[in-house]
Amino acid sequence: MRALLFTLMALLATAGVWAQEDVYFQAMADELNRTQKQLKIADSPKPYFTSFWLTSSQGRWHHSSWGELVSAANQEPQAARLVGRIHMVVGDKKENSHGFLHSRYYYAPNEVSGLGNGYDAVRLGFWRLADMEYREMLEIYAQKEAYKRQRQLLDDSADFAPAKQGVFVDSQPAAQPFTAQYYDELVEALSAEAKKYPYLEDATASVLPQQQTHWYLNSQGGKRQVSFLWHLVRLSTQMRNKDGFKQNIETEWFFLDDGLPAKEELVKKASEFYRRASEGYQAKRAEPYIGPVLFKPAAALGLVESLFVKNVSNTKPLLQSEGEDQSAGGFKDKIGQRVFSVGFVVEDKPLLREYNGQRLAGFLPVDDEGVPSENLLLVKNGKLLDLPFSRSLTQGRKKSNGHARMSSRQRPRAGITNLFITPQKTYTQEELEQKLLQRCRELGLEYGYIAEEWPSNPDNLPNITRIYVKDGQKEQVYGAQLKNLTPRSLRDILAAGDDEKTFQIPDSNYPRHSITLPSLLVDEMELAPTNKQPERKPFVPQP
Amino acid sequence: MKKAILFCLFFSLCFPVWGAECSAQKDPMLSVLSSELMRNFKTLKKQKPPVYYMSYQLVVWNQVVVDAVAGALKTSDVSTDAFVDIAVRVGNMHTDNTHELKGVWMTYDQEALRTALDAQHRNALRNTLWLGTQSAVEQALKDYNNVLTNKQVSSASTDPSDDFVLPQKSLFCQTQKPVAYERKEVEERLKTLSALVKNYDFIDASSFSFVLDEKDRYFVDSVGNLIRTPSALARYVMAIQAQTPDGMVLERNVLYDGFTMEDFPSLQQMKEDFAQMADELKQLLQAPVAEPYTGPVILKNRASGVFFHEILGHRLEGHRQKSDSFGQTFTNRVGKEIVSPVLNVSDNPLLSHFNGVPLRGYYLFDDEGNPAQNVTLIEKGVLKNFLMGASPIKGFAQSNGHGRKSLGKRAVARMGNTIITPVESVSYDELEKQLLEQVKKQGKPYGLIIEDISGGFTMTETSAPQAFKVNPLLVYKIYPDGHKEVVRGVDLVGTPLTSFSKITAAADDFAVFNGVCGAESGWVPVSAVSPSVLVSEMEVEKVEKSPTKPPILRPPYEGKHAKGGKK
């Protein structure tokens, strides 16, 4: 089946060709060839493996405040912005520079932004990158060799194992269906919703439509091209509640390709956001709490990112000239152990392009080391069965499963793509709330909590809802912080909702990926009130 | 007499346009700004401690950025944004929240917020102003408390002058048509120019760009100022870079400035300039490294302009005379000779062009609402005045319209168009003859001609030596027989008092240096106009070299080194 898939991909590669793709791939291929053949300093090792990334982005922000535009987008198309990135391994398949963190450098790839849109200009950018990268890798190679000699390392697992390479070229650029004027009107309509609600001191809305194409090519035959149209919608407001506690409340929504909802739907969502923020005026101050919390999908997303994704990523720790690798996933030695609540299946599906009619951000037929990706069953009945792997292997592991991911912050390391958290049994929202209240009763608690969103920043706490055991009454609470969070909470999940939702997450600290999950009721969480103090009321009334 | 006529001609090119008197009723943006400012000020002036002065400066900023590399576009963007700066003064004019804190690092940041593009969007604008004012006042109150405490525990200031002088009231509105430009033409021009690099395989890096900044600036304050002044600055830049085998990075650049597209030369002229620039870079690559040297030097006109700006101009900025943390090189030297008597120095922001060349330091009102003034700083070598913003100093109680800043910063005294004029001048050929006479007289093997300077820095703080260093881009040795030789790798160093007293002559070959100057109040556009000057003794030292080697492979231009090409 996989063979068929890759034949199809190869056919795609030669089908509808976009002219610019030829130019960029040609420039990358020619410079890659020159790099591998000629880039060498006498008596030093040559590049063993080199890969080039090229990302083209086109788009700009549209901002509004209280229903009125605060910046104007260019009505004429602007030139796409090109960013080049490189990863090089010097040495050979046995002894090489990969997987070592030198104290002088971050484990981030070298990058050049603002490459010109042409053959010579793209080559020029990669020529400069390759020169810089080669010198850096020679230094890292020498340091790594010295480190291994000094520590007498016994682990003979490959730092950069040989692997079959794949090709996937989707040369169709993502279409941009809307005009700049549409986005200007959309942002105006979104922030205008804030006018309906009292107590809000500020209200802004921003939309960033961005067309992106990624080209990837390496010296061992790996090749990939994919395009996306991203829409980032960001709403923010400021509110000073009845106790004088000032809150900056923000939300961000990401949509992929034609997934941007219609204007009316977005306006409705914006209205809901501002309404909830405004109702926060009456919110009660949080008190210390230990007990069950129902995480709605957007809040459960943060929980899963913090406790699961982080722990199954970067499965092989980096060798470091100083200290220990704190970024290595904590589940690297937990195969066969229970890491999740029984009754859940967790899968990572890089080969899934769409789900429920939605394009998935983590679609990755060929990974960031050129290896064909494999779908993985990570957890079954709560037990960890597998982990994502790059070409950097741990002892006993024979080969990569095509999960090398690279971001602007990190060179290729093992990571997830399209993560699915699937419960065997689901409950309606009403049933979940009843389960939450039932558990509170059992624990002798007066109330439980429902979290709508995950706190992205301790100073930017979203309001959460307190639900009372005696009558099911709900009220907003402000100033709560999650404390002492550990992976134990994943084993403490009591139930899941029937409200499965897919979240698209663009490249940032972690490479683009998607997570599909329902609401999760966690048995025991610790919440504490923030130490932040109220602020003075405005000197002058709002105009 | 001939020279005097020439200067009249130069200066007659002051911008003749003067705007109409305006009122809040006539300009909707000024109306919104003014009404919101007065609504806030009415309450805030009654607080304890009071806000005794406040201003809003709103800038609607249209920007075009195009740049190209190796015959292809990198960027081609057009954007429109609006930002508002909010300045608040708490306390009283003698001591307010901006008072210098002793022994504490001072920040010159102030509230700057993105806001509505025009007065039609008055709700967004008014809300931004209200939020920003609240935040600015909260910060000003904190700063004012710090000031009062710091004053109690610190020694008395040498200059007890007030912290602020109110601006005079001006009602002035000017409008300007948008700059007419063809984006395609700009793109094609840059693509053509940047493709020329491919013929020169010694060039390691290059930059070809065009930036057009059109700003419509609105200023209102609690004194009643209503000012609207538009500006447009456009610039083409061509820059190339190469590295010698010993690691020294060399560069050449050409800048073209204009207020309109008509100010720019033809594409053919730019191609010729590029060829000359590339030729100079090649000469530099092959040039020997200069040895440390002390002796006579000619600073060519543009280089001299940068030199005066960096080394003299910053020391004549008013606020530096008051602060005990600055070296105050010239503070007590008013009426005394501080540079060679062969020179006059003035700063005239009202001058838009010099000899047909646009001056970037042109403006009518400064960023504190004061009308710009032509200020004579030095007459026949004698110090007469300082560049003054709204911070008075001993003997200089008023602003002369030099309070300048960039977005999000608090204004301090800065230069605009700094003009160096000799009392007497000679031809440039004569200046070279005088240089060679000095070489012989001092028994030196050669003299130096500093053709171009990229920039430099001067230390004005008391904690550092009162010295300067400037970075020449192109330097020639001139031997007693008159032949010239390019050298590389030198920096000019010295102390201002000594260096300026050793200027012995100046030529009549005025040229303009247009630049952007950075200091505590941010980046502001400036110009310097200067002739070439002869300095009887200057010191040069070797530059710091890059620790890296040049690129291992040559640039990969199609057909040239596509298949290889090691250096």
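Author: B:Ile378 stands opposite B:Leu383 in E13(B). Strands (E, at least two residues) and helices (H or I, at least four) are DSSP runs, numbered from the N terminus.

Reader: What should I know about the model and its numbering?

Author: This is a predicted model: local features need pLDDT of at least 70, side-chain atom pairs count only at pLDDT 80 or more, and totals for chains, interfaces and linings use all residues. Residues count from 1 along each chain as its sequence is written, while chains are lettered from A and ligands numbered from 1 in the order in which they are written.

Reader: ok, how many bridges join E12(B) to E13(B)?

Author: Two bridges join strand E12 (residues 375–379) of chain B to E13(B), and the strands run antiparallel. Two strands pair if DSSP finds at least two bridges between them.

Reader: What's the strand order in the sheet?

Author: The order is E13-E12-E9-E16-E23-E22 (chain B), in an open sheet of six strands with mixed pairing. E13 (382–383) and E22 (511–519) of chain B stand at the edges with a single partner strand each, so one side of each has no neighbour in the sheet.

Reader: Which helix packs on the sheet?

Author: Helix H6 (residues 301–312) of chain B does, touching E9 (343–347), E16 (417–422), E22 and E23 (522–530) of chain B. Two residues are in contact if their C-beta atoms, placed from the backbone, lie within 7 Å. The direction of H6 makes about 130° with that of E23(B). Axes are lines fitted to C-alpha atoms, for helices over the stretch in contact, and angles run from 0 to 180 degrees between N-to-C directions.

Reader: Switching topic: how many residues lie between E18(B) and E19(B) in their hairpin?

Author: Five, and B:Gly482 in the turn has a positive phi of about 95°. E18 (residues 468–478) and E19 (residues 484–487) of chain B pair in the antiparallel sense over four bridges. B:Lys477 has B:Glu485 in E19(B) as its bridge partner.

Reader: And at what angle do H4(B) and H5(B) cross?

Author: Roughly 25°, with the axes of H4 (residues 183–195) of chain B and H5(B) coming within 10 Å. That makes H4(B) roughly parallel to H5(B), a term for angles under 35 degrees. The contact is made by B:Arg189, B:Thr192 and B:Leu193 of H4(B) and B:Leu267, B:Met270, B:Lys271 and B:Phe274 of H5(B).

Reader: What about H4(A) and H5(A), how close do their axes come?

Author: The axes of H4 (residues 180–192) and H5 (residues 263–279) of chain A come within 8 Å and cross at roughly 30°. H4(A) and H5(A) are therefore roughly parallel to each other. Among the contact residues are A:Leu186 of H4(A) and A:Val267 of H5(A).

Reader: How is chain B divided?

Author: Into domain 1 (2–286) and domain 2 (293–542), with bounds from an automatic or database domain assignment. Their centres, taken over C-alpha atoms, are 22 Å apart. In contact are 51 residues of domain 1 of chain B and 45 residues of domain 2 of chain B. E7(B) gives the largest share of the domain 1 side, six residues.

Reader: Last one: how many residues of chain B are in contact with chain A?

Author: 46 residues of chain B are in contact with 39 residues of chain A. E2(B) gives the most to the chain B side, with 11 residues.

Conventions: Angles under 35 degrees count as roughly parallel, over 145 as roughly antiparallel, 65 to 115 as roughly perpendicular and the rest as oblique.
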